[in-house]
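Please have the structure open as I go through the linings.

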Amino acid sequence: MSHSASAARSPSATALLTLGALGVVYGDIGTSPLYALKEVFHTGHLAVTPANVLGVLSLIFWTITVIVSIKYVLLILRADNNGEGGLIAMLALATTAVQGKPRLRRLLMVVGMFGTAVFYGDGVITPAVTVVGAMEGLKVISPGLDRYIVPLSLVVITGLFAVQRFGTAGIGRFFGPLTLVWFTVLVLLGAPQVMDNPAVLQAVNPALAVGFIIDHPGVSFVMLGALVLVVTGGEALYADLGHFGKQPIRIAWYAVVMPALVINYFGQGALLLRQPEAIENPFYLLAPDWAQLPLLVLATMAAAVASQALISAAFSVTKQAIQLGLLPRLQIRHTSVRDTGQIYVPFVNWSLYVFIVLAVALFETSSRLTNAYGIAVTMDMTITTVMTFFVIRYGWRYPLWLCVAATGFFFVIDIFFFASATLKLLSGGWFPVLIGVGMFTLMLTWKQGRAIMQERVRNEAIELEGFLDAVFVSPPVRVPGTAVFLVAEPTLAPNALMHNLKHNKVLHEYNVFVHVKHHEIPWIGFDKRLSVESLGHDCWQVTLNFGFKNDPDVPEALRLLEGRGVPLDDMDTSYFLSRDIVIPTFGEGMAMWREKLFASMHRNAANMGDFLSLPSNRIVELGAKVEI
């Protein structure tokens, strides 16, 4: 899974990537037939009449076509940031595109941060609704079993989160084939019904959708909030771009996913035309009695795969957010030696788990969970559209009329979906919004706190070159070995150096001042990794460049200095870190509660040494207090 995903690939490699994309990218949208059609009727309080069934099917067909086939698969997949996709990549693209407009840039940054924060809300609701939706097959098998739906769903979810720490490489290879089986079953369930009742195929005609909206404007608007369920997971499609590349994602969609979804929805529609009472669970009632239990098992497995895709996305979004300075450092474990994309973030894993369990316990049925669903998804869809406008207008310099036409059309659709989803704010939509607002507060507080702190440090610090010149007027004792100082500001003398001179009254023979810089592009190669400048007296200033998907490994990067006269013998090198202790104070800065929040986030952030892959037995930490 290299970053040159667009390079020529052999057909077999493309086929493998396409199979992989099925499991990871399309698990979420693939499981929406479990509950979507039922919810559309349920939400609109619609009678199951032939005209309504055909109108709703037509709306479903055109929602899938416009939002996924055209907007995501054709348009948005083009907006990649050096091969990477997802909201953070889009945010970096958009903010870079409007570089010359600081106010607009700041606004986009805030909007993008909010979209990223809301994504966590979505990451909580999706696994909950998918797993519970699969388990509701129990009620169809035997009405008495419905009291087991919630406990069994919780068992599946607990299992899913417990295995995260082992990484997905082992089970990941079954995801693609399993999802392929699932899509095949969707066709097998839907096709016989469509053949029995080919009249449902008229729903492909957009006139039916338009006619339905004109006949029932109010109901249609309320229904949009449930209709969005048929395109859940569109965001994931874009976020996984870096793993698979455009071509496999597109092939999988047009060749497998879209046909299977349409046939299954039309099959459910045909069933409803024949027996309207099947609306209580049209998905499970497509299957004959003997197939209900195997179908339940398969659906639960498919639901687990769909949830896995979202959990993995949450890990990768967190890592990118940390490197863009939106979240404090967290412990990140790599679960695969080969594939750097496979990571495990314990804190995110268990936080998601707690909120998902809360969601399942609180809402209990997939119908109530779907109420909570729409808001997070539609908000992210709208934000992505807005970002796309700025990328194609300022980044690609397309003419204004084209940009407005291309994104304006989708923007209107997104806004209608979003407005309809807000109707469910009180009946459950508050839940993901609350999570989103919480995450957003954390991100904003962290970003502003960091800025204030750096400002304070900058005001109190001394310039490095001037300081060194002053020190060497009457030089202190030089001790053998190399000292590597990690500095936040490349031109300032680090705290650790001052303390070392003040308390130990010595200076190492060789001193390297290293500044680690994270850029708003995903990958930076070794050729552009470092720049070095000599400060005289055997002191050097080094800047290391990393992208937001790179793993910042300082010792590995410093090996590139070999042959430049900087001795970095493993046994003779010490790494000096300044560990700042944040003291919240009244006065300027942020509100007191936010300063306290920042101080505790700062205190609990993962070790800087681990984050930069420094050898733990060669680190010296010297502390300083910073008042904000």
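The largest cavity is lined by Gly-86, Leu-87, Ile-88, Thr-116, Phe-119, Glu-235, Ala-236, Ala-239, Val-317 and Asp-380, where a cavity is a set of points on a 1 Å grid over the protein atoms alone at which a 1.4 Å probe fits but cannot get out, and a lining residue has an atom within 4 Å of a point. This is a predicted model, in which local features need pLDDT of at least 70 and side-chain atom pairs count only at pLDDT 80 or more, while totals for chains, interfaces and linings use all residues. Residues are numbered from 1 along each chain as its sequence is written, and side-chain values use heavy atoms, with hydrogens and water left out.

The volume of the largest cavity is about 90 Å³, a volume being the space filled by probe spheres set on the points, which are joined across faces, edges and corners. Helices H5 (87–97), H6 (102–135) and H12 (234–239) each supply at least two residues of this lining, and H12 gives the largest share, with 3 residues; helices here are DSSP runs (H or I, at least four residues), numbered from the N terminus.

Which residues line the second largest cavity? They are Gly-85, Gly-86, Leu-87, Ile-88, Ala-89, Ala-239, Ala-313, Ser-316, Val-317 and Gln-320, around a volume of about 60 Å³. H5 and H15 (292–323) each contribute at least two of the lining residues, and the largest share, 4 residues, belongs to H15.

In total, the count is 4 cavities of 30 Å³ or more.

Notes. On a 1 Å grid over the protein atoms alone, a cavity is a set of points where a 1.4 Å probe fits but cannot get out, and a pocket is an open set with protein on both sides within 12 Å along at least five of seven lines; lining residues have an atom within 4 Å of a point.
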